[in-house]
Amino acid sequence: MNLFKLSAESLRPENFREHLRDPACGGFSTFEGWVRNQNEGREVMELEYQAYEPLAVKEGCRIVAEASQRYGSSKALCVHRVGDLAIGELAVWVGVSAPHRDAAFAACRFIIDEVKHRVPIWKKEHYSDGNSGWVNCEACAEQAANSRVSSSRRA
Amino acid sequence: MARRKLRIEYFAILRERAGVDCEELDTEASTPAELFEELSQRYAFPVPGQLKVAVNDEFSDWQTLLADGDSVVFIPPVAGG
């Protein structure tokens, strides 16, 4: 099994690991991403994940399959939350079983890194000062606005 | 000039700026690049550095020719995990 899923419900890892059991595997590695109470110096109260579901699932499944090809891992599963999450909640879970530990660790690391870069999921943080922002979007938007201002000043 | 009917779905910062989740548009835009230009003017979209585009639920090139009935999604920088 090589699978990527989205879930609007709280994640229960104890349900996932049973799917990854394999008598040929001696190593099982997991990664859990939790909602943190601060980001770049700002206090975060809660956050929201939004996904472009059809393409997120397609790209996520491609990543999980790539991990298996690249590292020879046996089974892998990645589940990502969508919707509103509180501090401390489980946002993403990755599990990989493999014949040996090296492949399990490497494939697990590969999956979470690629998911963060490639899967169309967005995160909105709500801050203690009442503001909110889409992570990685607002800074770009500001930079774009600033560069337009500075280029018009130059012109 | 040929016109085509497209379905556009918005996410994250673009959804907030557009004020709708999705819409159908009758347009002369023939590529995702032309379509984004048209919509940017209407909604004053920010232009995120790493903007990507998907056509019919698959990543696409900005110069792909759009056909009647295509669905288009613009993908601002992602932040899963």
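## Why is it called that? A chat about Trp134(A)

Tutor: Let's start with Trp134(A), which sits in strand β9 (residues 132-134) of chain A. This is a predicted model, where local features need pLDDT of at least 70, side-chain atom pairs count only at pLDDT 80 or more, and totals for chains, interfaces and linings use all residues. Residues are numbered from 1 along each chain as its sequence is written, while chains are lettered from A and ligands numbered from 1 in the order in which they are written.

Student: What makes β9 of chain A a strand?

Tutor: Strands are DSSP runs of E with at least two residues, helices are runs of H or I with at least four, and both are numbered from the N terminus. The run 132-134 of chain A is therefore a strand.

Student: Why is Trp134(A) called buried?

Tutor: A residue is buried if 20 or more other C-beta atoms, placed from the backbone, lie within 10 Å of its own; 12 or fewer makes it exposed, and in between is partly exposed. Trp134(A) has 26 within 10 Å, so it's buried.

Student: Which residues is Trp134(A) in contact with, leaving aside neighbours within four places in sequence?

Tutor: Trp122(A), Lys124(A), Ala12(B) and Ile13(B). Contact means that the C-beta atoms, placed from the backbone, lie within 7 Å.

Student: How many residues does each chain give to the contact between A and B?

Tutor: Chain B gives 18 residues and chain A gives 22. On the chain B side, α1 (12-18) and β5 (71-75) are the elements giving two or more residues.

Student: And what about the sheet in chain A? What is the order of its strands?

Tutor: It's an open sheet of 4 strands, ordered β1-β5-β7-β2, with mixed pairing. β1 (2-7) and β2 (27-34) of chain A are the edge strands, since each pairs on one side only.

Student: Why do we say that β1(A) and β5(A) pair?

Tutor: Two strands pair if DSSP finds at least two bridges between them. Here 6 bridges join β1(A) to β5 (residues 75-81) of chain A, so they pair, and they run parallel. Phe4(A) stands opposite Cys78(A) in β5(A).

Student: What makes a nonpolar core, and which members touch the most others in the largest one?

Tutor: A core is a set of buried Ala, Val, Leu, Ile, Met, Phe, Trp, Tyr and Cys residues joined through C-beta atoms within 7 Å. The largest has 51 residues, and Ala67(A), Ala76(A), Cys78(A), Ala107(A) and Ile111(A) touch the most other members. Helix α3 (residues 101-118) of chain A supplies the largest share, 7 residues.

How values were computed: Two residues are in contact if their C-beta atoms, placed from the backbone, lie within 7 Å.
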